[in-house]
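Here is a short note to read beside the model.

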Amino acid sequence: MDYTMNFIITQKWTDPRLNYTGMSNAEILELDTRIMNCIWVPDLYFANEKKASFHEVTVPNKMMHLHRNGTVVYRARLTMTSACPMTLEKFPLDTQVCSVVIKSFVYTPDNVVFRWEKGNAITYNQEMEMAQFEIGNIQNKDCTGEFEENNFTCIQADIYLNRKFEFFLLHVFIPSTLIVVISWVSFWLPIDAVPARIALGSTTVLTMITQRQSTAISLPPVSYIKAIDVWTVSCLVFVFAALLEYALVSIYSRREVKRIMIKLAPSKETKGSFIKSKSITWSNGTSDGVPVDVRTSEPKSKLKAKRIDVISRVAFPSCFFTFITLYWVFYSQK
C-alpha cells in the first residue's frame, strides 16, 4: 500500500563555521536560495519513500535562516509517496500504522545525529479530512540500528490511521443483516406454501452471494481472512441454513402422507377414495360393500415439521445475534 502526503520539514543544526558574531548586528540572516546551495545541509533521506518532489511554484519553497551563533534553520516543502505495509485482518475495523523513516545516507553517528525536537515535533492540520481514515495519533522515536546492520542515525514518525467504517456499516453490515432477517420470514409461512418459501430462500441466498462478490471486488487480494469475509460468509451460511431448514420441514411433512398412500395403494380401484388436506379421510369400499371411514388427525410427522418451524423462529435469531455480539467484541479490540 502507498500513501501520499504534502508536508514541510524543518531542520535545525549549529555550524560553528557560520558564526558571524562581531560581523553584523543582525540577529538573523534570511538567506536567498542562491546562497543556500553554498551551505552544508544534512544528508537525510526518506528510507520508505517511493517518489518525492520539491515545490517550486512560484519560487522554490525553501527557507534558510542563519542565526548569529551559527545555528541554521532550514525548511522545505515536499510532496512524497511512501510505502505503508498494511495488515487487513480486521478490515474494516482496523487501525493502520504508516511510518516516515528519516535516515542519514552518508554520515555515521560520529558526524551526524538526528533527534526529534522536544515538545511538539510533529504537528498537522486538525481539520484535515480523509475519505477512508482519520488520524488517531502520531508518535516519534529513534530507530537507529533497526533497519540495517550499520548504525546510521535514524528517526521515525508513526502515523496511526483509524479507518472510518460508516461506509461499510451502511453498505455491507446493515443490508446483510436485513437479508438474514428476511430469510426468517419463511418460518412463519405455511408448510404447504412451497413456491413462497423456496423463492424466499433462494432469493436471499443469491442476494448474499452477489453482495459478497461486489464487496470483494473493491478490496485488495490478500491470502488471509479479513473481518469482512467472516461477516459476509457467516450471513451467507445463515440464509443458506434457513433454506435447508425448509427442506427438512418438507421431508417431515410429506413422510406420513407417503406412508399411508403406500398402504392404500391396493385399493386405488375402489370408488370414493379421497384425501383431504387438514384432516385426512380415507373412505374405501370393502369386499362386502360396506364403506369404512378412517379419520385421523394431522400426522405426527407433520406436527414435527411444524415444531421445527417453531424452534427455528427462536433458534435462528438467537444464534445470529449471539454471533453479532461476539463479532463486534472480538474485532473492536485494538
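1. Start with a term. Buried means under 20% relative accessible area, exposed means over 50%, and partly exposed lies in between. Cys-143 has a relative accessible area of 1%, so Cys-143 is buried. Keep in mind that this is a predicted model.

2. How many disulfides does the structure hold? The count is 2. Number the bonded cysteines in sequence order and the pairing reads 1-2, 3-4.

3. Take the link of Cys-84 and Cys-98. A disulfide joins these two residues, with an S to S distance of 2.0 Å. Which parts of the chain does the pair tie together? Cys-84 sits in the loop between strand S6 (71-83) and strand S7 (95-104), while Cys-98 belongs to strand S7, so the bond connects parts 14 residues apart in sequence. The angle about the S-S bond is -85°, and the link is left-handed.

4. Is Cys-84 buried or exposed? Cys-84 is buried, at a relative accessible area of 1%.

5. Now the link of Cys-143 and Cys-154. Their sulfur atoms lie 1.9 Å apart and form a disulfide. Cys-143 is in the loop between strand S8 (133-142) and strand S9 (154-163), and Cys-154 is in strand S9, so this pair ties together parts that are 11 residues apart in sequence. The link is left-handed, with -75° about the S-S bond. Cys-154 has 1% relative accessibility, under the 20% limit, so Cys-154 counts as buried.

6. Two further cysteines deserve a check. Cys-235 counts as buried, at 0% relative accessibility. What about Cys-319, at 46% relative accessibility? That value falls between 20% and 50%, so Cys-319 counts as partly exposed.

7. Next, the largest pocket. Its volume is about 1,500 Å³. It is lined by 45 residues, and the closest to its centre are Ile-8, Ile-9, Trp-116, Ala-121 and Ile-122.

8. Which strand gives the largest share of that lining? Strand S1 does, with 12 residues. Strand S1 (2-14), strand S3 (44-46), S6, S7, S8 and S9 each supply at least two residues of the pocket lining. S7 also holds Cys-98, and S9 holds Cys-154.

9. What is the make-up of the pocket lining by class? There are 32 nonpolar, 8 polar and 5 charged residues.

10. The model has 2 cavities of 30 Å³ or more. The largest cavity has a volume of about 40 Å³.

11. Which residues line the largest cavity? They are Arg-212, Thr-215, Ala-216, Leu-219, Ile-228, Asp-229 and Thr-232. Helix H3 (194-217) and helix H4 (227-263) each contribute at least two residues of this lining. By class, the cavity lining divides into 3 nonpolar, 2 polar and 2 charged residues.

12. For the open space, look to the largest pocket, with S1 as its main contributor at 12 residues.

Definitions and conventions: Residues numbered from 1 in each chain as written. Predicted model: local features only at pLDDT ≥ 70, side-chain atom pairs only at ≥ 80, totals over all residues. Heavy atoms only, no water. 1 Å grid on protein atoms, 1.4 Å probe; cavity = no way out; pocket = protein on both sides within 12 Å on 5 of 7 lines; lining within 4 Å. Points joined across faces, edges and corners; volume = space filled by probe spheres on them. Helix = DSSP H or I, 4+ residues; strand = E, 2+ residues; numbered from the N terminus. Nonpolar A, V, L, I, M, F, W, Y, C, P; charged D, E, K, R; others polar. Disulfide = S-S within 2.5 Å. Buried < 20%, exposed > 50% of the residue type's maximum accessible area, 1.4 Å probe, protein only.
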